[in-house]
Amino acid sequence: MKNKLKQSIEQNAFNEEKMLWHIMAQARSLGIKPVVKKVFVFPKFFKFGLATVLIAVFALLGITQLGDFETILPDVNAITVIYALDINPSFELAVNKLDKVITISAVNEDAKTILIEDLLGKQAPEVIETLIKRAEAAGFIDSTDLVDDYVLVTTIPKTENDQNQAVGFENKIKDVIKTSEYLQGLNVAVIKSDLITLKTAQDKKIPIGLYVINGMVAQPDGTFLSAKEFFSDPTNRETFQTKGEIKDVKENQVKTHILEALAKLDAIGVDTSDIKNRLITATDKEVVKIQIEVRKLLNKYKLGSTSEVESENSTNT
């Protein structure tokens with residue numbers, strides 16, 4: 001008896017198909033029609049076709065997205081703009097789309113005396129400020145001679161698409177000057193040029209910035225003005241500003257330079273107390289006059305700009 005019961009349980013208790021058949025048969029006998037959901041099965045050829053189409057779509061999307069990534073993440077070694085710096089010395093900085101310096105070229109002999117290798121990969125405004133400081137340390141700039149020092153920056157975009165970067169750099173320079181007490185003590189002139197002019201200047205072995213500004217004035221053949229010589233003439237400054245922009249030294253920085261120059265005169269026993277008193281309350285125009293007055297004193301005692309001292313000596317003789 002136990003064996004028959006066990007056999008019956010094994011045959012019916014867990015036989016799901018048989019139980020389902022019994023339930024459905026009973027339902028039909030009561031007039032109930034079970035609802036059977038049909039499962040749609042894709043034919044094999046349809047599955048293959050769908051997979052092929054999806055692969056093609058994803059491939060096209062991938063190509064498009066890669067193009068977008070190239071726009072967002074430009075080639076870090078692709079040169080987009082060249083910034084020429086004329087102090088003297090003169091340099092050419094080749095930068096990428098992010099304004100990082102890729103290469104620096106020393107354009108003249110003076111530039112070859114300045115260390116540049118450690119500046120690669122840095123932001124262009126930072127590199128330009130560092131090069132100016134190194135030029136001053138090497139004796140190419142002397143703020144205490146009271147001769148207005150001019151730094152000329154020329155921007156040369158490689159293509160039309162790089163024009164905005166060149167224009168944006170001018171704004172970056174303005175921002176750097178606002179925050180740099182050092183650059184506030186210098187006159188920074190910025191102008192834009194092009195690759196054709198750059199190539200012509202390179203063929204003539206003339207720094208591009210000097211080539212551009214000397215093209216604004218009539219000069220004897222074979223002679224070129226330095227940036228300091230060019231900008232020392234008010235007429236030349238006005239001509240330049242029709243095409244470029246000059247960030248002038250702030251008045252408080254001019255006063256600082258005058259005081260530094262007066263300290264040089266004090267050191268050799270010249271009485272400068274009257275000039276110092278006048279400088280305290282001087283207006284902008286009066287500061288300019290005092291600057292000229294002190295420059296003459298510096299030249300008189302051979303403490304001023306070498307070129308001005310030599311010029312005054314030749315005039316006196």
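All eight of the eight residues of strand β4 (residues 150-157) are buried, so β4 is largely enclosed by the rest of the structure; buried here means under 20% relative accessible area, with a 1.4 Å probe and protein chains only. This is a predicted model, in which local features need pLDDT of at least 70 and side-chain atom pairs count only at pLDDT 80 or more, while totals for chains, interfaces and linings use all residues. Residues are numbered from 1 along each chain as its sequence is written, and side-chain values use heavy atoms, with hydrogens and water left out. Strands (E, at least two residues) and helices (H or I, at least four) are DSSP runs numbered from the N terminus.

From β4, Tyr-150, Leu-152, Thr-154 and Ile-156 point one way, whereas Val-151, Val-153, Thr-155 and Pro-157 point the other way, and all are buried.

| Partner of β4 | Sense | Bridges |
|---|---|---|
| β1 (residues 81-86) | antiparallel | six bridges |
| β5 (residues 187-192) | parallel | six bridges |

Val-153 stands opposite Leu-85 and also opposite Val-190 in β5. From β4 the chain crosses through helix α5 (residues 163-179) to β5 in a right-handed β-α-β crossover, that is, with the strands pointing away from the viewer, the path from the first strand over the helix to the second runs clockwise.

Helix α12 (residues 284-300) has 17 residues and reaches 25 Å from its first C-alpha to its last, close to the 24 Å expected at 1.5 Å a residue, the expected span being 1.5 Å times one less than the number of residues. Within α12, Val-287, Ile-290, Gln-291, Val-294, Leu-298 and Asn-299 are buried. An α-helix has 3.6 residues a turn, so residues three or four places apart point the same way. α12 is followed by Lys-302, whose phi is positive, near 60°.

How values were computed:
Buried means under 20% relative accessible area, exposed over 50%, partly exposed in between (1.4 Å probe, protein chains only). Two strands pair if DSSP finds at least two bridges between them.
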